[in-house]
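Here is a short report on one protein chain. Look over the sequence and the model before reading on.

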Amino acid sequence: MSTAISYQPPGALWPKILFQDKDVLVVEKPSGLLSNPGRAPELQDSVQTRLAAQFPQLYLIHRLDMATSGLMVFALRRKAEAALKQQFAGRSIDKTYLARVAGVPMPAAGCIDVPLGPVPDLPAGSAPRHQVCFHSGKAAMTYYHTLWHNKDSALLQLKPISGRSHQLRVHLLHLGHPILGDAIYANAAQQQAAPRLLLHATKLAFFQPYSGERLEFFCPPDLTDFGLATLPALISDEQMLKL
C-alpha cells in the first residue's frame, strides 16, 4: 500500500459552482484537489483557496478527502457558517455517496457499525491513516446498499451516519471490500483496477440557514472513471434508512 503524499491537483476549471445564494455555495469538487489548504507550501492549492479568489468571505463547513469527488457546501456569511455547522453536528445533513468496491458484499445491504481511530506513529511524510479501534476509537456507522455488481466488483450507495476521517474507506476495508483505486487502503491490484479513488459524494441535502427551506443537490459521478455506461437509479432515502 502506498503511504507517500503526492499532490498533482487538476486544472483551473475546478471546482464547478452548482448553486449560490446569499448564504451558501454548493460546488462539485474533483478527485485530486484538497478541500482546504495544507500546511506545506506545495499544498496551498485547494477548493477553498480557489473559491476565495471569487468569494473573499468564504467559510469552510466540511471536507472531502483529496481523492474523493463530489458535493461540498461552503458558507458565505458567519451566521450561515454557524447554522450549517450545527446541522452537521446534529446529523441533520443528508449525505449519500457512491463507491465501486472490490468484490461483491454479502449481504447486499447492511450497516457497518465499528469505531474508528487514527493509526499512531506513522513515518514522517506519510498520508494519514485510520483503522478500526475498539479500545479508543470513536463510534462510526455507515449504511450500504448494493446498486449493481458483476463477478468482480460492486457499485454501492453509502450513507454515513457519523463523519469520521476516512470513515467510508476504512469501513469498506473492514467489510472486506475496499474501494477500487484507494491508494491508502486497497492492495496493489485493487489500486490498479481504477484510475482514481472511486468514491463520489453524489447527494447533499440541508436546510437553508435563513429561510429553513430544505435544499437538495444531486451530482452524478464520472461514469468513465467508474467503468459504467449508465448509472443505476438510486433507491430512496426512506428505503436506505430502514436497513
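Leaving aside its neighbours within four places in sequence, L158 is in contact (heavy atoms within 4.5 Å) with K95, T96, Y97, A99, T142, Y143, Y144, L168, L172 and L199. This is a predicted model, where local features need pLDDT of at least 70, side-chain atom pairs count only at pLDDT 80 or more, and totals for chains, interfaces and linings use all residues. Residues are numbered from 1 along each chain as its sequence is written, and side-chain values use heavy atoms, with hydrogens and water left out.

**Nonpolar cores**

L158 also belongs to the largest nonpolar core, which has 40 residues. A nonpolar core is a set of buried Ala, Val, Leu, Ile, Met, Phe, Trp, Tyr and Cys residues joined through side-chain atoms within 4.5 Å. Buried means under 20% relative accessible area, exposed means over 50%, and partly exposed lies in between (1.4 Å probe, protein chains only). The members that touch the most others are L25, L51, F74, L158, L172, I179 and L199. Several elements give two or more residues to this core, among them strand 2 (24–29), helix 1 (47–52), strand 10 (153–160) and helix 3 (167–175). Helices (H or I, at least four residues) and strands (E, at least two) are DSSP runs, numbered from the N terminus. Strand 5 contributes the most, with five residues. A second, separate core holds 16 residues, including Y59, A75, L84 and L215.

**Salt bridges**

Side chains of opposite charge can pair when their charged atoms come close. A salt bridge is a side-chain nitrogen of Lys or Arg within 4 Å of a carboxyl oxygen of Asp or Glu. By this rule the count is 14.

K85 and E81 are four residues apart in helix 2 (residues 78–89), so about one helical turn separates them. K85 is partly exposed, at 37% relative accessible area. E81 is buried, at 12%.

K203 sits in strand 11 and D94 in strand 5, so this pair ties together parts 109 residues apart in sequence. Both K203 and D94 are buried.

R214 lies in strand 12 (residues 214–218), 120 residues from D94 in strand 5. R214 counts as partly exposed because its relative accessibility is 38%. D94 counts as buried because its relative accessibility is 12%. Shared partners join D94, K159, K203, R214 and E216 into one network of salt bridges.

**A buried aspartate in a loop**

Where is D182 placed? D182 is in the loop between helix 3 and helix 4 (188–192). D182 is buried, with a relative accessible area of 1%. Its side chain reaches the backbone nitrogen of I184 at 2.9 Å. A polar atom of the D182 side chain also lies 3.2 Å from the backbone nitrogen of Y185. Leaving aside neighbours within four places in sequence, D182 is in contact with R169, Q191 and L197.

**A102 in strand 5**

A102 lies in strand 5. A102 counts as buried because its relative accessibility is 12%. A102 and H177 are 75 residues apart in sequence, yet 5.0 Å apart in space, C-alpha to C-alpha. Beyond its neighbours within four places in sequence, A102 is in contact with D152, S153, G176, H177, P178, L180 and Q190.

Terms used:
A polar contact is a pair of N or O atoms within 3.5 Å; within protein, one must be able to donate a hydrogen and the other to accept it, and residues adjacent in sequence count only if both atoms are side-chain atoms.
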